[in-house]
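Subject: A structure for you to look at

Hello,

I am passing a structure on to you, as promised. Have a look at it first, and then read on for what turned up.

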Amino acid sequence: MKATLTTPAWRGAPRYRGLGAAILGVALITSCASGPRFADGIEPERALPSGALAYARLDRTVLAELLAAYGGSDAAKAAKPMTDRTDSVVAAIMPGSPDRAGGLPVLVAVASGRYPSGAAAFKLGSDADWQREGQAWKQKNGELRVSFAGNSTVLLGTRTLDELTAAVIDPGPSPIPDRWRTAWSADVALYLPDPLSALAGSLPITPDSIPLRALTLSATRHDTGYATVLSFEFEDERAALVYAPLCRLFLYAAANSFWPDRARVILGAASWSSGGTLVSVSGLDLDAAELAAFAASAGR
């Protein structure tokens, strides 16, 4: 049974409604709009900004579910030619500014795959809904920007892509700490450097006074879904011991918020372990929609 995706506050808004069609257009745009390319061997997450609420790594299946969640089934269908060419996406969810409608979070992302720039004659330059913004294209009545970085990378964002484009030329350090590199290398991963703040709007939790240092989700694809592990990192071993019961409450709240149709099954299969500063739960067998539901909650 599919997960029940909590509808984002911005779903259906004009600036996001064209997301699927926009990505499809980018996948087909001619090479004249191509920007600078990554040097060989550079991880795409090194172009992402620091200070994000959450960092995500998605495969094409979970990406398709997120497109459906944000833009509806039509957007997901329109974007299928792009998602079929995509190997993975890394994204940063940034805090919204006070002058941004509803304080909505900002999304910037780098999609890696095969996007032949001469694949079709479709050009954003001939679309009245889009206008040129430096090396990117921007919705005239929205915030989505899109740009190429060669034939294997697409840059996306709901703010100007100047910083992202500059980082392609001069990438910074990875925003993913070395201690989480193995978890990040999974088919789907989520890293929240300040999880209580990132999820405060989606779960009945308060970020104050709980010394939770980070939360990661790591999911490996198998024949029918994804074997998923959640890890909670505390400031020290004593905090991990004291607050381990709250991790169980967190999973209970998450299961009933994001995966209500299967919450009992998911919770029943959970296997808990702890060691040092970490409290982890494995045995979570989730599908792509369930992973997308959790990822979409960060920063709301």
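Which helix does Pro195 lie in? Pro195 belongs to helix H7, which covers residues 195–198. Please keep in mind that this is a predicted model. Is Pro195 buried or exposed? Its relative accessibility is 1%, and since buried means under 20%, Pro195 counts as buried. Leaving aside neighbours within four places in sequence, Pro195 is in contact with Leu212, Arg213, Ala214 and Leu215. Thr216 is 21 residues from Pro195 in sequence, and their C-alpha atoms are 8.9 Å apart in space.

Now for the sheet. An open sheet of 12 strands runs in the order S4-S5-S6-S7-S3-S2-S1-S8-S9-S10-S12-S11, and the pairing is antiparallel. Which strands stand at the edges? They are S4 (130–133) and S11 (271–275); each has a single partner strand, so one side of each is left without a neighbour in the sheet. From one strand to the next, the twist averages 15°.

Phe148 has Val154 in S7 as its bridge partner.

Helix H8 is worth a look too. Helix H8 (residues 237–258) lies across S9 (212–221), S10 (226–234), S11 and S12 (278–286). Relative to S10, helix H8 runs at about 140°.

On to the aromatic rings: how many aromatic pairs does the count come to? The count is 7. One of them is Phe232 with Phe250, an edge-to-face pair at 5.3 Å centre to centre with 85° between the planes. Phe232 sits in strand S10 and Phe250 in helix H8, so this pair ties together parts that are 18 residues apart in sequence. Both Phe232 and Phe250 are buried. Another edge-to-face pair is formed by Phe258 and Trp259, with 6.4 Å centre to centre and 65° between the planes. Phe258 is buried, at a relative accessible area of 1%, and Trp259 is buried with a relative accessible area of 1%. Finally, ring pairs link Phe232 and Phe250 with Trp272 into a cluster.

Do write back with any questions once you have had a look.

Best wishes

Definitions and conventions. Residues numbered from 1 in each chain as written. Predicted model: local features only at pLDDT ≥ 70, side-chain atom pairs only at ≥ 80, totals over all residues. Heavy atoms only, no water. Pairing = 2+ DSSP bridges. Helix = DSSP H or I, 4+ residues; strand = E, 2+ residues; numbered from the N terminus. Axes fitted to C-alpha atoms, helices over the stretch in contact; angles between N-to-C directions. Contact = heavy atoms within 4.5 Å. Buried < 20%, exposed > 50% of the residue type's maximum accessible area, 1.4 Å probe, protein only. Phe/Tyr/Trp six-rings, centres within 6.5 Å; stacked < 30°, edge-to-face > 60°.
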